[in-house]
Amino acid sequence: MKFFEEKRREVMKHIEKFMLEKMNEYLKPIDTIWQPSDFLPDASRETFFSEIKELQESAQGLSYDLVAVLIGDTITEEALPTYESWLTMVEGVSDDEEGGWMKWTRHWTAEENRHGDLLNKYLYLSGRVNMRAMEVSTQYLIADGFDIGTGHDPYRNFIYTSFQELATNVSHRRVASHAKKAGDTLLSKMCGVIASDEARHAKAYKYFIERTFEVDANEAMLAFEDMMRKKIVMPAHFLREVGLKIGQTFGHFTDAAQRLGVYTAIDYVDILKELITDWHIASVTDLKEDGEKARDYIMALPDRLLRVAERMKNPMLEYKFSWIDG
């Protein structure tokens, strides 16, 4: 066990230099990247109230399910303190403030922080949302924490974030498409730029795992297998509303996303296929017997999951969220 911990520390030291080298490629300069105020009505202008009226009129065209998914996405984005604290607890990485891991975590957090800020303000101005109920859910999600099956292992954490960033890209991109069809071009633009951020972040985490496979292929393969056996759970799987138990709201949120086609079981399979391709799983060398067995499991998994997904019926049970007025 001690040998494996030492090996991971060596590998993470190796990966950290790439983090510093790739910061400017996968994260944008703070002075030039978009900010929430670039999209929202400006209270200092005389047109402020007319802009809010226009925003609210456009928001009226959004379906109930779409508003529910948007709120769930916003709460997920706003639970950022949980994710940052989780990333700082990863073992085997340097806690040097200027080291690759801590610097990357801070800068990634800073970019992600804009997402919840933007969507929260939009929802507040839209007039469609019971903001207090939503804020209670956000506080619950941060306070409850989450267990995503990675432990403090850096390999499993990178695999999780690679998958999760791709999933959030899909979700925000699809919400943008639905918003555009409903006539809300502002929301469509907002979700579009958030999706673009998520795509860049996914490339970064995928790159870090790619480097890991180069220097510790067998352990990386075992970590990949383990995460897929456990299944990748969403960060908001503990989501709940006031008076409900942990996780009770999450199922209704995912049902709404499935009905709309915002994020489906098929998307889960497609993301897995993308990771298998991008990490060249079929051609990885230097695997031991357990690593080969792990690879066999991973390579066969998409077809198995696809058969299950194709048999799934679209959830039709309607649910009234405390977050949505009217």
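**Exercise 1. Helix 7 against helix 8**

Task: Helix 7 passes helix 8 in a left-handed crossing; classify the packing of helix 7 and helix 8 by its angle.

Solution. 
- Step 1. Note the source: this is a predicted model.
- Step 2. Take the geometry. The axes of helix 7 and helix 8 lie 7 Å apart, at an angle of about 160°.
- Step 3. Apply the cut-off. Angles over 145 degrees count as roughly antiparallel, so helix 7 is roughly antiparallel to helix 8.
- Step 4. Sort the contact residues of helix 7 with helix 8 by class. There are 16 nonpolar, 10 polar and five charged.

**Exercise 2. Helix 5 against helix 8**

Task: Find the angle between helix 5 and helix 8, then list the residues that make their contact.

Solution. 
- Step 1. Locate the pair: helix 5 spans residues 100-126, and helix 8 spans residues 185-215.
- Step 2. Read the geometry. The angle is about 160° and the axes are 11 Å apart. Helix 5 is therefore roughly antiparallel to helix 8.
- Step 3. List the residues. Helix 5 supplies W104, W108, E111, E112, R114, H115, L118, L119 and Y122. Helix 8 supplies L187, M190, C191, I194, D197, E198, R200, H201, A204, Y205 and F208.
- Step 4. Class them. The contact of helix 5 with helix 8 has 12 nonpolar, two polar and six charged residues.

**Exercise 3. Helix 7 against helix 9**

Task: Determine how helix 7 crosses helix 9 and which residues meet.

Solution. 
- Step 1. Helix 7 covers residues 154-181 and helix 9 covers residues 217-230. Their axes come within 9 Å and cross at roughly 55°.
- Step 2. That angle makes helix 7 oblique to helix 9.
- Step 3. The crossing of helix 7 and helix 9 is right-handed.
- Step 4. From helix 7 come Y155, R156, I159, Y160 and F163. They meet E219, A220, L222, A223, F224, D226, M227 and M228 of helix 9.
- Step 5. By class, this contact of helix 7 with helix 9 holds 10 nonpolar, no polar and three charged residues.

**Exercise 4. Core and burial**

Task: Which residues have the most contacts inside the largest nonpolar core, and is V175 buried or exposed?

Solution. 
- Step 1. The largest nonpolar core has 103 residues. W104, Y122 and F224 have the most contacts inside it.
- Step 2. Trace Y122. Beyond four places in sequence, Y122 touches L40, L55, A59, L62, L70, D184, L187 and M190.
- Step 3. Turn to V175, in helix 7. V175 is buried, because its relative accessible area is 0%.
- Step 4. List its contacts. With neighbours within four places set aside, V175 contacts L66, V69, L70, D73, C191 and V262.
- Step 5. Recall the background: in soluble globular proteins, nonpolar side chains tend to be buried together.

**Exercise 5. Positive phi in loops**

Task: Where do K231 and H280 lie, and how exposed are K231 and H280?

Solution. 
- Step 1. K231 has a positive phi, near 80°. K231 sits in the loop between helix 9 and helix 10.
- Step 2. K231 counts as exposed because its relative accessibility is 53%.
- Step 3. H280 also has a positive phi, near 55°. H280 sits in the loop between helix 11 and helix 12.
- Step 4. With a relative accessible area of 44%, H280 is partly exposed.

Conventions
Residues numbered from 1 in each chain as written. Predicted model: local features only at pLDDT ≥ 70, side-chain atom pairs only at ≥ 80, totals over all residues. Heavy atoms only, no water. Axes fitted to C-alpha atoms, helices over the stretch in contact; angles between N-to-C directions. Helix = DSSP H or I, 4+ residues; strand = E, 2+ residues; numbered from the N terminus. Parallel < 35°, antiparallel > 145°, perpendicular 65-115°, else oblique. Left-handed = near helix turned anticlockwise from the far one by under 90°. Contact = heavy atoms within 4.5 Å. Nonpolar A, V, L, I, M, F, W, Y, C, P; charged D, E, K, R; others polar. Core = buried A, V, L, I, M, F, W, Y, C linked by side-chain atoms within 4.5 Å. Buried < 20%, exposed > 50% of the residue type's maximum accessible area, 1.4 Å probe, protein only.
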